[in-house]
Amino acid sequence: MAAAALKSVCLSAFDYKTEKYVIAQNKRVGILYRVVQLAVLGYIVGWVFLTKKGYQETEESIQSTVITKLKGVTLTNSSDTGVRLWDVADYVVPPQGENIFFVVTNMIETRNQSPGYCAESFSVKDALCNSKEDCTPGEAVIAGHGVKTGVCLKKDTNSTGTCEIFAWCPIERSGKPEKPLLAKAENFTVYVKNSIRFPNFKFAKSNVLDTSDNSYLKSCQYDKFHSPYCPIFRLGDVVRWAGHDFQDMATEGGVIGIFIEWNCDLDKSASKCNPRYSFNRLDLKSSPMSVTSGYNFRYAKYYKNSKGEDYRTLIKVYGIRFDIMVNGKAGKFNIIPTVINIGSGLALMGAGAFFCDLVLLYMMKKSTVYRERKYESVAKSKKKEEGKAFSNGKESTKKKIEQECLTDLSPEA
């Protein structure tokens, strides 16, 4: 008995099972099924293949290099600096031209500083004092300019003073500029050379027009429609494209992002792979008086006098920092993603049929009738009765045939 059962289980592994299809003449479900099919077909063809190019292999590991070079000269005349000529060696930081560069638009100079003893500024809270106990010797002033000496400098005994410090004296000039020193910097130009490569596809390209004309880059300027392969940008235009005014931004500085995007369909010719530029301000500016807006830093120029003593000029510069960011992706036909997306579409078609089955079998008024047609349940006892009836019928047929044969062989016949 157990052996027979085991044999039956083993043999059932080689059985072939097929689905039973029931044609339900229900217009509502039929229309719903066609709508689902059309929706899935539209999604696969319209979105997956046409919009997202699901038939392509994509690569986003773009390799990029950026070289920048600024041009422009201006002349300024102020009470602090006097008459001064500015060229790229004066207003560009760093000078070697990277994907991040800074253009000086304003500055505050504190000249002839030398190491010595002087009073800390009243704007520094940690330096305010009423007695020498408030000025611990050797303690650095928080957010200040030097180290406390233990002396409290006051005009009189009843007033509040500041601690004496050992620092570069006189201390830095305070205050904010009211207008940009290099207002004409908006007419400066920057040359942005960007070369990219997609290693998997062995594809490389540059944002500069491939030409043998040496005068091309000396006379052109970027225009989205007329000169897309002349990456020479006027600084005033870059700030304006970012949605801001150059003169307002140049007073206290800021940060501008230059975004270069390469989206290349390599199934088309290489001439169709073009860079797209966009511009945005990156430093926060929630209001005109916001302390988070602007961009500045300090540096110093050091000298020695005739006695060999050190002194310096401290310079606090304001300006606009430009960050150049490159991203992109490339796509090319490949059979593997094509087959995968087609298979996904067919699976969605099956999901549509499953959904319509749920509606037909559980949400319609005649759902019980459809379920009876869809599913058959055959009991074992019924199978045995059918088998016996078949055997009895077979025996009766056999006897009838034998009787007919005997009749044919009788002498009377």
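Tutor: First a term: buried means under 20% relative accessible area, exposed over 50%, and partly exposed in between, with a 1.4 Å probe and protein chains only. This is a predicted model, where local features need pLDDT of at least 70, side-chain atom pairs count only at pLDDT 80 or more, and totals for chains, interfaces and linings use all residues. Residues are numbered from 1 along each chain as its sequence is written, and side-chain values use heavy atoms, with hydrogens and water left out.

Student: What share of the 413 residues is buried?

Tutor: Buried residues make up 33% of them.

Student: Rings next. How many aromatic pairs are there?

Tutor: Rings of Phe, Tyr and Trp (its six-membered ring) pair if their centres lie within 6.5 Å; planes under 30 degrees apart count as stacked, over 60 as edge-to-face and the rest as tilted. That rule gives 15 aromatic pairs. Take phenylalanine 101 and phenylalanine 322: their ring centres are 5.1 Å apart and their planes at 20 degrees, so this pair is stacked.

Student: Which strands do those two lie in?

Tutor: Phenylalanine 101 is in β6 (residues 100–119) and phenylalanine 322 in β16, so the pair ties together parts 221 residues apart in sequence. Strands here are DSSP runs (E, at least two residues), as helices are (H or I, at least four), numbered from the N terminus.

Student: Is phenylalanine 101 buried or exposed?

Tutor: Buried, at a relative accessible area of 1%. Phenylalanine 322 is buried too, with a relative accessible area of 1%.

Student: Which residues form an aromatic cluster?

Tutor: Tyr222, Phe233, Trp241, Tyr277 and Phe279 form one.
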